[in-house]
Amino acid sequence: MECISCSTKLPSSSFLNPRASSSPIDRRFPKKVLQRGLLSSPRSRPFVQLNDGLNPFAYRQRSSYFSLRTYKGHIYAEAKKQPWDLGRFLSTLYFFNGPPSPAKFFEFLIEKLTGPTPSEPPKAMETSGIVLVAGATGGVGRRVVEILRKKGLPVRVLVRNVEKARKMLGPDIDMIVGDITKESTLVPGYFKGVRKVINAASVIVGPKEGDTPERAKYSQGIKFFEPEIKGDSPEMVEYIGMKNLINSVKEGVGLRNGKLIYGFEGGISRELPWGALDDVVMGGVSESTFQVDPTGGENGGPTGLFKGVVSTANNGGFTSIRTRLPEDVSAYDGLELRLKGDGRRYKLIVRTSSDWDTVGYTASFDTVDDQWQSIRLPFSSLRPVFRARTVLDAPPFDPSKILSLQLMFSKFEYDGKLNPTFVEGAFQLPISSIRAYIKDPITPRFVHVSSAGVTRPERPGLDLSKQPPAVRLNKELGFILTFKLKGEDLIRESGMPYAIVRPCALTEEPAGADLIFDQGDNIMGKVSREEIARICIAALESPYACDKTFEVKSVIPFSEPFSVDPENPPPEKEYNLYFKTLKDGITGKEIFEQSPVPL
């Protein structure tokens with residue numbers, strides 16, 4: 001009989017005590033057993049360290065029904081008449097949060113034996129995400145908001161001026177009032193649910209002689225007036241502000257390479273306390289533990305090791321280990337386990353409640369014998385299970401509220417079915433890491449509107465007289481392009497999947513003109529703000545735009561105005577055709593680094 005409903009509430013004492021001599025396991029077992037038995041560790045110190053007052057492993061010195069022997073490195077169990085160990089049962093319950101009420105426990109036993117099998121498939125898990133638009137009252141930003149809302153996508157805006165934002169975007173707009181130059185205004189709770197970002201925030205440039213309330217002169221472009229910085233400096237907006245914005249959204253947006261929850265990867269480690277939760281809670285006698293093998297990893301490094309002996313005596317048949325953690329992985333699409341298989345089928349159980357008797361969102365996975373492999377378990381595939389049966393009306397899985405993870409080897413599957421790979425006896429499963437991942441194909445999660453020309457002010461041999469005003473006046477404008485480039489670098493170094501759009505001179509003309517996409521920061525010209533807004537939104541959905549930096553202009557020269565027939569507007573472009581032409585690693589900085597540009 002399988003129980004997967006015990007909640008993991010670990011004691012507050014340290015689990016990673018470096019003093020081997022203080023281990024209660026060392027004190028309570030003969031050295032011979034510790035060297036060869038189930039609880040032996042390849043480390044010089046125990047991985048799990050519990051206090052003496054509450055030690056779920058302490059029952060092993062008292063238990064006489066189960067003897068362990070080691071032959072040629074394998075663990076064997078001598079199954080005799082095996083009475084149930086009440087002491088180990090109570091120790092396990094209290095270690096993992098204390099027992100349920102007697103009524104609940106006996107209700108569990110009755111329902112386990114007599115309950116019907118569900119006839120409907122489990123509900124699909126659903127996830128959704130908000131698109132945050134920073135700089136939402138600017139020329140590009142307000143158009144981005146308008147298009148997103150027409151598409152029916154959830155939008156939240158980051159603005160400084162509430163009155164201006166409501167007047168421009170509507171009274172019902174989902175709004176964060178904050179200033180990217182002031183970190184204290186970017187409260188983490190404001191960004192909950194944000195999964196994608198379009199950043200159109202920029203330093204304000206305006207005519208020295210002033211402008212109309214509608215910024216008519218500014219809308220013509222910097223080419224037509226003598227510019228100056230209005231308000232915060234380029235350093236504060238383009239660099240400090242970018243750093244603050246990235247720090248505010250990074251957790252919710254997610255990282256291209258995922259988030260390490262447990263394990264050892266490339267010199268980085270994150271260890272967690274694991275405790276055994278075996279079929280003793282149902283009267284069984286199976287035993288398991290978790291250790292760290294310092295040289296058992298894929299490349300000779302450390303790895304975790306889930307090992308034990310499973311027995312069907314006393315109607316048992318499962319072992320498991322469980323850890324407790326608060327973890328928000330809502331930016332990701334599933335969990336990936338890197339492990340060395342043994343040909344058996346295991347389960348991963350994820351819980352979002354700290355209750356003792358609660359639903360566990362569960363996935364089974366098969367392993368290949370003696371082979372390192374990566375197992376991806378999408379959140380959408382997790383099955384809500386309660387007392388070993390599928391729960392048809394369970395709430396959708398919430399990846400923002402993970403409280404525990406559990407690895408299990410069991411005779412039982414779900415709803416009365418059996419594990420076809422189950423074999424009694426010893427087993428071990430090396431597991432080097434558990435991480436949250438973004439599913440393929442990965443698309444940009446952070447799209448930034450920068451500017452063409454950011455690499456040109458210091459470019460050797462460049463004739464500045466032929467460059468746009470912002471390049472010629474970079475120093476006079478507070479090194480505006482220099483700090484825009486520094487802000488870009490922060491995005492590229494952040495680990496978030498991104499796209500950086502560098503428009504040439506922005507105009508109020510309509511979208512629809514033919515476009516030129518380029519890389520290397522060489523082109524000059526003009527492009528519609530509306531067109532850039534459309535490009536940003538399209539980039540969010542295109543894997544071809546991911547981690548790309550590119551410039552955009554229209555084919556229409558400055559000297560020629562562009563217009564469209566409102567009654568017969570041109571069709572919206574297939575931007576993927578442009579994105580497919582882009583290459584990785586080209587920013588325009590290559591000339592400074594003296595490295596060849598890939599062709």
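In strand β22, Ile 434 is the bridge partner of Leu 337, a residue that also has a bridge partner in β18, namely Ile 375. The model described here is predicted, so local features are given at pLDDT of at least 70 and side-chain atom pairs at pLDDT 80 or more, while totals for chains, interfaces and linings use all residues. Residues are numbered from 1 along each chain as its sequence is written, and side-chain values use heavy atoms, with hydrogens and water left out.

Strands, like helices, are DSSP runs numbered from the N terminus, with at least two residues (E) for a strand and at least four (H or I) for a helix. Two strands are taken to pair if DSSP finds at least two bridges between them. Strand β15 spans residues 334-340. It is joined to β18 (residues 372-378) by 7 bridges in the antiparallel sense, and it pairs with β22 (residues 425-437), also antiparallel, over 6 bridges. In general, the strands of a sheet pair through backbone hydrogen bonds, either parallel or antiparallel. Of the 7 residues of β15, 5 are buried, where buried means under 20% relative accessible area, exposed means over 50%, and partly exposed lies in between (1.4 Å probe, protein chains only).

A nonpolar core is defined as a set of buried Ala, Val, Leu, Ile, Met, Phe, Trp, Tyr and Cys residues joined through side-chain atoms within 4.5 Å. The largest such core holds 44 residues, of which Leu 337 and Phe 365 touch the most other members. Strand β22 supplies the largest share of this core, with 5 residues. Beyond four places in sequence, the contacts of Phe 365 include Leu 337, Leu 339, Ile 375, Leu 377 and Leu 407; contact means heavy atoms within 4.5 Å. Another core, of 37 residues, lies apart from the largest one and has among its members Val 131, Val 140, Val 155 and Leu 515.

An open sheet of 8 strands has the order β5-β4-β3-β6-β23-β24-β28-β26, with mixed pairing. Its edge strands, β5 (175-177) and β26 (515-518), each pair on one side only. From one strand to the next, the twist averages 20 degrees. Angles run from 0 to 180 degrees between N-to-C directions, and axes are lines fitted to C-alpha atoms, for helices over the stretch in contact. Helix α6 (residues 162-169) packs on the sheet, touching β4 (155-159) and β5, and its direction makes about 160 degrees with that of β5. Helix α10 (residues 480-493) also packs on the sheet, where it touches β23 (446-449), β24 (498-503) and β28.

The loop between α10 and β24 contains Met 496, which is buried, with a relative accessible area of 2%. The C-alpha atoms of Met 496 and Val 253 are separated by 7.1 Å, although these residues are 243 apart along the chain. Contacts of Met 496 beyond four places in sequence include Ile 246, Val 249, Phe 446 and Asp 547.

The predictor's confidence in each residue is expressed as pLDDT, from 0 to 100. The chain averages a pLDDT of 82, and 75% of the residues score at least 70. Over residues 1-81, pLDDT stays under 50; over residues 122-127 the pLDDT is likewise below 50. Where pLDDT is low, the predicted coordinates should not be read in detail.
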